[in-house]
Amino acid sequence: MKIMIVDDDPRLRDLVRIALERAGHSVLTASDGKQALVQAAREAPDLVVLDVGLPEMDGFETCRRLRERSEVPILFLTARDDEIDRILGLELGADDYVTKPFSPRELVARVRAILKRSAGLQPTARLELESLTLDTHTRICRVAGVEAELTATEFALLERLMRDPSRLVSRRELLVAVWGPNSLVSDRTLDSHLRNLRRKLTEAGRADAVETVHGQGIRLRASR
């Protein structure tokens, strides 16, 4: 897989590059947001590791501009262990985040998990529920023929719900299905991704598709 690292710290770029290359990935690097946008347009990476604290154009703005043209998975690096910053990053379309300082092994594991979600577990499956269609081979979601552009994490959440339509899926089940049994992802992270998923389905014409029953779980709701 081709991964782009965007960070203004050359030592950190080298640390991450070496870790990812040892894990078998091809690596591109950029030192700022503008360079990252040019590289992404030219090279079409499979995943972007993006530092929040970039000079001039910060990671949030870079993420916003990447999302205008691509659904490439994005992993944020942040030196600020601030919940508001993490939620903002997820709402802008990031798939996960790692707080500095971090171990290269942890970062490689997070990258592997995102790529696995992006690739899908059953590439030939086609899931349908009324006007909602999910093709896990092409990774395309459609509502009455209209494509809803989902991130890898949003797609994985919707896929899990569509494999068990109408049944209440617990928050723990969703966390395990999407991030794995040993993940430290918080409920607020899950909520951010679900909120983005609901918004995108609504924009595609399927409002209120994802229902939360407080204290019980989440399910897909039949259209009214």
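Reader: Which feature does UniProt place at Asp51?

Author: This is a predicted model. The unreviewed UniProt entry gives "modified residue: 4-aspartylphosphate" at Asp51.

Reader: Where does aspartate 51 lie, in which strand?

Author: Aspartate 51 belongs to strand β3, residues 47-51.

Reader: Is aspartate 51 buried or exposed?

Author: The cut-off for buried is under 20% relative accessible area. Aspartate 51 has 3%, so it is buried.

Reader: Which residues is aspartate 51 in contact with, leaving aside neighbours within four places in sequence?

Author: Val6, Asp7, Asp8, Gly59, Leu77 and Lys100.

Reader: Now the cores. Which residues of the largest nonpolar core touch the most other members?

Author: That core has 29 residues, and Cys141, Leu157, Leu158, Met162, Leu201 and Val210 touch the most other members. Elements that each supply at least two residues include β6 (126-129), α6 (152-162) and α8 (187-203). The largest share, 6 residues, comes from α6. Another core, of 22 residues, lies apart from it; Leu28, Cys63, Ile74 and Ala94 are among them.

Reader: How many disulfides does a search of the whole structure find?

Author: A disulfide is a covalent bond between the sulfur atoms of two cysteines. Here the search finds 0. For cysteine 63, the nearest cysteine sulfur is that of cysteine 141, 20 Å away. The cut-off for a disulfide is within 2.5 Å.

Reader: Are cysteine 63 and cysteine 141 buried or exposed?

Author: Cysteine 63 has 0% relative accessibility, so it counts as buried. Cysteine 141, at 1%, also counts as buried.

Notes: Residues numbered from 1 in each chain as written. Predicted model: local features only at pLDDT ≥ 70, side-chain atom pairs only at ≥ 80, totals over all residues. Heavy atoms only, no water. UniProt positions renumbered as here; feature names shortened; annotations may be inferred. Helix = DSSP H or I, 4+ residues; strand = E, 2+ residues; numbered from the N terminus. Buried < 20%, exposed > 50% of the residue type's maximum accessible area, 1.4 Å probe, protein only. Contact = heavy atoms within 4.5 Å. Core = buried A, V, L, I, M, F, W, Y, C linked by side-chain atoms within 4.5 Å.
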